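Reader: Can we go through this structure together? I would like to start with charged side chains.

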Amino acid sequence: MFGIIKPLTGLMAGICQLLAILVIFIGVIKALIIFMKDVFSSSESIRDIQESRMELGHSFSLGLGFLIGASIVNTTVAPAWDDIGKLAAIIALRTALNYFLLREINIRTEPLNKKNE
């Protein structure tokens, strides 16, 4: 049974990592498109730059979520406490990064939301 589970968890972790790369790549492309529209138009520069930063922030946050999921999947078959400890530290760092990233996004979007009311 363990012979089947270990390759499956490796595959799942790899898929999660691939999804993280894909989400971050798409977010960077979307943010670049927003920025390029701002460069070639005479619209509100500050708002467009904030919008591109928000796009990046959301994609980084989702990408970190996938990476945390991959780390959790990896811990299910970790052979030693040392590996589990390293993965726990990675998860803690990624969770902290995600928390502060989302906090910054919420702070940045509050003035925009108040303007629209």
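Reader: Where do Lys86 and Asp82 lie?

Author: Both are in helix H3, residues 81–116, and sit 4 residues apart, about one turn of the helix. Helices here are DSSP runs of H or I with at least four residues, strands are runs of E with at least two, and numbering starts at the N terminus. Keep in mind that this is a predicted model, where local features need pLDDT of at least 70, side-chain atom pairs count only at pLDDT 80 or more, and totals for chains, interfaces and linings use all residues. Residues are numbered from 1 along each chain as its sequence is written, and side-chain values use heavy atoms, with hydrogens and water left out.

Reader: What do Lys86 and Asp82 form, and how far apart are the closest N and O atoms?

Author: They form a salt bridge, with the closest N and O atoms 3.4 Å apart. The term means a side-chain nitrogen of Lys or Arg within 4 Å of a carboxyl oxygen of Asp or Glu.

Reader: Are Lys86 and Asp82 buried or exposed?

Author: Lys86 is exposed, and Asp82 is too. Exposed means over 50% relative accessible area, buried means under 20%, and partly exposed is in between, using a 1.4 Å probe and protein chains only.

Reader: How many salt bridges does the structure hold?

Author: It holds 2. Lys30 and Glu55 also form one, and their closest N and O atoms are 3.3 Å apart. Lys30 belongs to helix H1 and Glu55 to helix H2, so this pair ties together parts that are 25 residues apart in sequence. Lys30 is partly exposed at 41% relative accessibility, and Glu55 is partly exposed at 22%.

Reader: Ok, new topic. How many helices and strands does the protein have?

Author: There are 3 helices and 0 strands. Along the sequence the pattern reads α-α-α.

Reader: Which helix has the lowest confidence and which the highest?

Author: Confidence is lowest in H3, with a mean of 78, and highest in H1, at 89. The score is pLDDT, the predictor's confidence in each residue on a scale from 0 to 100. For the protein the mean is 82, and 86% of the residues reach 70 or more.

Reader: Let's look at H1 then. Is Thr9 buried or exposed?

Author: Thr9, which lies in helix H1 (residues 2–39), is buried at 9% relative accessibility. Apart from residues up to four places away in sequence, Thr9 touches Val73, Thr76 and Val77. Contact means heavy atoms within 4.5 Å.

Reader: Where is Val77 found?

Author: Val77 is in the loop between H2 and H3. It is buried too, with 14% relative accessibility. Val77 and Lys6 are 71 residues apart along the chain, yet their C-alpha atoms are separated by 6.4 Å.

Reader: And what is Ser59 in contact with?

Author: Ser59 is in helix H2 and counts as buried, at 5% relative accessibility. Once neighbours within four places in sequence are set aside, Ser59 contacts Val23, Ile24, Gly27 and Val28.

Reader: What about Asn74, which helix is that in?

Author: Asn74 is in helix H2, which covers residues 45–75. It is partly exposed, with a relative accessible area of 27%. Beyond neighbours within four places in sequence, Asn74 is in contact with Ala13 and Leu87. Asn74 and Leu11 are 63 residues apart in sequence and 10.0 Å apart in space, C-alpha to C-alpha.

Reader: How much of the protein do buried residues make up?

Author: They make up 26% of the 117 residues. Among contacts with a separation of 6 or more, 74% are between residues 24 or more positions apart.

Reader: Last topic, aromatic rings. How many aromatic pairs are there?

Author: There is 1. The ring centres of Tyr99 and Phe100 are 5.0 Å apart and their planes meet at 75°, so the pair is edge-to-face. Rings of Phe, Tyr and Trp (its six-membered ring) pair if their centres lie within 6.5 Å; planes under 30 degrees apart count as stacked, over 60 as edge-to-face, and the rest as tilted. Phe100 is partly exposed, at 48% relative accessible area.
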